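This report goes through selected local features of one model, grouped by region. The sequence and the structure come first.

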Amino acid sequence: MTMNNNNSEKRILEKTLENLSFAKNPPKLGLVLLAMLYLASYFAMPFLVNSPFAVDYNGTTIGIDSFAGVLSSIFNVFAIFLTLYYGDVGFSISVVVLILNIPMIISNVMRNHNLGNISGVFTTLVTILTLIVIYVNNKRIEKYQDKLMKQAVTDILTGLPNRFACAELVEDLIKKNQPFAVLSINLNGFSDINDTMGFDIGNEVLMEISSKWKLIADMEVSGTLDFIARLGGDEFALVIRKYKNEKELMNTINMYRDVLGYKLLIHDYEIQVSASYGFVEFPSEAKDVDSIFSFSNRAMLKAKESKEENNLLRFNEEMLIDRHITELENEIKAALQNNTIYYSLQPQFDMNHKLRGFEALARIKDKRGNNISPGEFIPIAEKKGFIDKVDLVVFKKAAKFVGKLIQESGCDFTLSINISVKHLMKKHFLDELKDILDVSDLPPHNLEIEITESIMIESVEKAFKCIGDLKAMGIQIAIDDFGTGYSSLSYLFNFPATLLKVDKSFIDKMDDNASSRKYVETIISLGHIMGIDVLAEGVETEDQIETLRAIGCDYIQGYVWGKPLKDKEAREVVLEASNA
Ligand code: C2E
Ligand code: CA
Ligand code: CA
């Protein structure tokens, strides 16, 4: 859960608590207006009571003084509203004025020798009683609100501020643009303490450490202004303010780290706990709540990886790249495990738009269902050593589909598979390949293996041997991304390739750069001299097709005639080609 989510949850909680009482921050103007009306009705009362005026209504004479009762009720209603909505101030004004009202009623009774008005005193007393009940009830609600509010921002076990409170402080500091640092702290091996010694001891360990850290923060012994919070489990965060330089910041951090330098004594057990620490500074390294916590957390996780006790690391940008790689690595592993790696088939055509075949391109979706580019995940799979598995899944699935389609349509076309050279040179590769061909009904001469030029030249000798074996089986060999490596002519002459794929970067520049056009033309001639066909990759425009035709290119692959397709779309292309 992100800090922002926590913050909005806290706002909702605060709003709910506020809504529990009547007094939801009523406007000050309302208090002034209500108090004025209240006082006005108080002062109008004697005039009304003693008024000699009367009105005539359908022949009945009604004395103005008889409206005094109505005014008195309105007066009491104002008192109730004041108490209900304006807490202490409203209650005080109402009660004082009501009490002042009593002698006024009594003096009236005496002056007019009319005991009938004495009931006003009782009405006033009952109103005061009502106000007291409302007031006491409001106070009770406020007390609960305070308690709940405190619970909402406090960690129950340790009494430290919790995740909500920490995020709110950080958000507030960002708004005020005050510099600060956040240190993420995570205890090492805390679950072992819980598992071996029980939750009670685990809880006491947390409480003991928290109280020591809290003491440092409360007593301001570090010289900086510190705020220590428990984010949950064995996760803590320290917000450090008012440090003048890096030295002061490090002093403070080390003071908190030193707490774990000693054994804790809990129920006669001596327990040594260590932690991992990562920190980040605002505003120089992170600018919003989410990145502040995620970056300091990242640095903490990196510190944990080293296995060194009480290790501390400052966040740096490389940690983000690492994280991205780790995330992608996990996505690839998950896709392999769940068998969700699939492929697209990009058609290749000759210059008359006749289908030559398809290149199978690996596809993986992330957790949210978005495509991850092979440009990103293939290099990671290569680096982390599971490219063979990716290649094989793509090969197996595409071969099964294409093999069936070839048998079904009677159409003779090629399936091109990308195989990493590292994979190609593995002992088992040939056996794996034969197995797949056996179960897929794909004739070997319909299979083409693409090998990237730049990687291949690193281990020419060994690669030659493997490629020789493939050729012997009737499999075609394409040199991928041709032009980007540094192949020497002599090695090219000896290389048993059947196709050269000219890299998209040269095709892109061909129409506005004469030397690029010459370069592509030379590759094509070179290929033809060696008896190898040439395919242009990434062809996007009709102009490029025209140029390629003029300089003698054999095949094209590109968005202009076909993007990578799903099975169903590829089948339609094949059926169309077989009917043509
Ligand atoms: P590649 O083998 O050079 O494949 C061609 C790439 O160019 C594909 O990108 C394709 O979608 C893209 N492309 C084709 N025509 C056009 C065009 O007209 N315009 C543009 N802008 N792009 C075009 P994709 O699918 O992203 O693949 C990237 C690379 O990942 C591939 O380059 C290949 O080196 C590697 N790769 C893909 N699948 C596999 C696989 O199963 N195994 C291995 N080892 N590598 C793979
Ligand atoms: Ca390729
Ligand atoms: Ca390529």
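## Basis and conventions

Helices (H or I, at least four residues) and strands (E, at least two) are DSSP runs, numbered from the N terminus. The model is predicted: local features need pLDDT of at least 70 and side-chain atom pairs count only at pLDDT 80 or more, while totals for chains, interfaces and linings use all residues. Residues are numbered from 1 along each chain as its sequence is written, chains are lettered from A and ligands numbered from 1 in the order in which they are written, and side-chain values use heavy atoms, with hydrogens and water left out.

## Backbone exceptions

Most residues other than glycine have a negative phi, and most peptide bonds are trans. Asn 177 has a positive phi, near 55 degrees, although this residue is not glycine. Asn 177 sits in the loop between helix H6 (163-175) and strand S3 (180-188).

The peptide bond that joins Phe 282 and Pro 283 is cis, with omega at about 5 degrees. Pro 283 belongs to the loop between S8 and H10.

## Glu 285 and its surroundings

Glu 285 is also placed in the loop between strand S8 (274-282) and helix H10 (289-305). Leaving aside neighbours within four places in sequence, Glu 285 is in contact (heavy atoms within 4.5 Å) with Val 280, Phe 295, Arg 314 and Phe 315. Glu 285 and Asn 316 are 31 residues apart in sequence, and their C-alpha atoms are 8.0 Å apart in space.

Which side chain makes a polar contact with the side chain of Glu 285? The partner is Arg 314, at 2.8 Å. A polar contact is a pair of N or O atoms within 3.5 Å; within protein, one must be able to donate a hydrogen and the other to accept it, and residues adjacent in sequence count only if both atoms are side-chain atoms. A polar atom of the Glu 285 side chain also lies 2.7 Å from the backbone nitrogen of Glu 281.

## Helix packing

For the angles below, axes are lines fitted to C-alpha atoms, for helices over the stretch in contact, and angles run from 0 to 180 degrees between N-to-C directions. Angles under 35 degrees count as roughly parallel, over 145 as roughly antiparallel, 65 to 115 as roughly perpendicular and the rest as oblique. Helix H7 (residues 190-197) packs on helix H8 (residues 199-219) at about 140 degrees, with axes 7 Å apart; the two are therefore oblique to each other. Phe 190, Ile 193, Asn 194 and Met 197 of H7 meet Phe 199, Ile 201, Gly 202, Val 205 and Leu 206 of H8. The residues of this contact divide into 7 nonpolar, 2 polar and no charged. Here Ala, Val, Leu, Ile, Met, Phe, Trp, Tyr, Cys and Pro count as nonpolar, Asp, Glu, Lys and Arg as charged, and the others, Gly among them, as polar.

Helix H13 (residues 387-409) and helix H15 (residues 429-440) pack at about 30 degrees, their axes 9 Å apart, and are therefore roughly parallel. Residues of H13 including Leu 392, Phe 395 and Ala 399 meet residues of H15 including Leu 433, Ile 436 and Leu 437. The contact of H13 with H15 has 6 nonpolar, 2 polar and 4 charged residues. H13 also packs on helix H22 (residues 567-579), at about 30 degrees with axes 11 Å apart; H13 and H22 are therefore roughly parallel. Phe 401, Leu 405, Glu 408 and Ser 409 of H13 meet residues of H22, among them Asp 567, Ala 570 and Arg 571.

## Ligand 1

Ligand 1 is surrounded by 22 residues (a heavy atom within 4 Å). The closest are Gln 346, Ala 362, Asp 391, Glu 540 and Tyr 559.

An oxygen atom of ligand 1 lies 3.0 Å from a polar side-chain atom of Glu 359.
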